[in-house]
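Hi there,

Here is the structure I promised to pass on to you. Have a look at it first, and then read on for what turned up in it.

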Amino acid sequence: MERVNSKILVFGEYSVLHNGMALTIPFSKFSGKLCYPKTVEESAIAVLSNKGIREFFKHILENHPDDTFKLNVNQLSQELDKGLFFRSDIPQGFGLGSSGALVAAIFLRYLEKAGDFKDELKHLTMDRVQSLKSTLGSLEGHFHGKSSGIDPLSIIINEPLLLKANKEIVRVDIPAYDENGKNVLFLLNTGMARNSEKLIKQFNTACEKEDFQQKLQTKLIEYANAGITDFLKGDTENFYLNLEKLVRFQLDEMDYLIPKKYQSIVQQGLETKDYYLKICGSGGGGYMIGFTQNWEETQQLLKDEDLEIFYRF
C-alpha cells in the first residue's frame with residue numbers, strides 16, 4: 001500500500017478558512033502507510049488505529065454521497081475486518097497533517113479507478129482540483145469539525161502548493177534549498193499535543209465579533225498573503241517585515257492559540273528581531289514554525305528548546 005508524507009502549512013493557518021492564501025510544502029521526515037500488523041508488539045497499536053479508522057468509516061458512509069470521487073467502502077470494510085491499520089510516525093496533534101495523511105491514504109487506497117486518478121494528478125484541471133479539495137475537506141471534517149481540505153490535498157499531490165483566495169490552487173516553485181543559506185525555517189517542538197477541533201471553535205467564536213472580523217480581513221489575511229508573495233519572490237526584506245506583523249498579530253489577537261509558556265518566547269523574538277515564531281496549523285501546542293536570518297544566535301536564545309531546520313535558502 002502507498003506511503004504518504006506529512007506536510008507543513010508554512011502560511012495560511014486560519015486565514016485560509018476566510019478566503020486567504022495558503023502555502024504548504026511536503027515534509028518527508030514523517031510518513032504513514034496503511035498495512036496489517038506484522039508483530040505482536042505492533043498488534044496493540046494496530047487495534048487502536050483500526051478502531052479509529054472504523055469511526056472514520058462511519059463518517060465516510062454518512063458524509064460521502066459525492067460520486068465524483070467514489071470510494072470502495074465494501075473493500076475498506078473487508079480490510080478493516082482483516083486488521084487494517086495506519087502505521088504512522090507523524091505526531092498526532094502537532095500540525096504536520098496526521099489526520100490529513102490518513103485521509104489521503106484512505107482516499108488513494110479505496111478510490112474507484114485510482115489508477116486513472118494518479119495519471120490525472122499530473123494534469124489536474126482547476127475545476128477538478130476544487131472538487132477534490134471539497135471532497136477531502138468533507139472527509140477530514142471528521143477529525144476537525146471543519147476542514148479546508150488543503151492538508152490531504154497537498155499530501156496527495158506531494159508538491160509545494162499555493163492556494164489563492166480559496167479559488168485557485170497551483171503548484172509553485174519555492175526558493176531553491178541551500179544548506180548554507182542565510183534564511184532558515186525551523187520547527188520548535190512544544191512537546192504538547194492539542195485538540196484542533198476545540199481551537200478552531202474558539203477561533204470561529206472570535207470571528208463572530210465584528211471588531212475581530214474586520215481585523216481578520218485587514219490584518220491577518222493581508223500579512224499572511226504578503227508573506228507568501230514575498231517568500232515565493234525571494235524578497236527577504238519585505239518578507240521579514242510582513243512576517244513580524246503577522247507574528248505580532250497572532251500574539252496580540254490570537255494568544256489563546258499560543259501556549260502560555262511560549263508567549264514570552266514569541267515576544268522575545270519580536271523584541272530582538274533575531275527570529276520570528278508563529279503557530280503551525282491550528283496552534284495550541286504541537287510544533288511552531290520559526291524564521292531567522294541569524295541561526296547561530298537563535299540557537300543560543302532558544303537553547304532549551306527542541307529545534308529542527310526544515311528548509312533553508
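This is a predicted model: local features need pLDDT of at least 70, side-chain atom pairs count only at pLDDT 80 or more; totals for chains, interfaces and linings use all residues.

Now for the overall build. The protein has eleven helices and nine strands. Its C-alpha atoms fill a box of roughly 55 × 45 × 40 Å along the principal axes. A compact globule of 313 residues would have a radius of gyration near 20 Å, and the protein agrees with that because its own value is 20 Å. Of the 313 residues, 54% are buried. Among contacts with a separation of 6 or more, 74% are between residues 24 or more positions apart. The accessible surface comes to about 14500 Å², and carbon and sulfur atoms account for 46% of it.

The whole structure holds 19 aromatic pairs. One of them joins F186 and W295, with 5.3 Å from centre to centre and 50° between the planes, which makes it tilted. This pair links distant parts of the chain: F186 sits in strand 6 and W295 in helix 11, 109 residues apart. F186 is buried, with a relative accessible area of 0%, and W295 is buried too, at 11%.

How are the rings of F203 and F212 arranged? Their planes are at 85° and their centres 5.9 Å apart, so the pair is edge-to-face. F203 is buried at 0% relative accessible area, and F212 is buried at 7%.

Finally, F11, F231, F239, Y240, Y276, F291 and F313 form one aromatic cluster.

Enjoy exploring!

Methods: Residues are numbered from 1 along each chain as its sequence is written. Side-chain values use heavy atoms; hydrogens and water are left out. Helices (H or I, at least four residues) and strands (E, at least two) are DSSP runs, numbered from the N terminus. The radius of gyration is taken over C-alpha atoms; the globule rule is 2.2 Å times the number of residues to the power 0.38. Buried means under 20% relative accessible area, exposed over 50%, partly exposed in between (1.4 Å probe, protein chains only). Contact means heavy atoms within 4.5 Å. Accessible areas come from the Shrake-Rupley method with a 1.4 Å probe; for residues, only the protein chains shown count as cover. Rings of Phe, Tyr and Trp (its six-membered ring) pair if their centres lie within 6.5 Å; planes under 30 degrees apart count as stacked, over 60 as edge-to-face and the rest as tilted.
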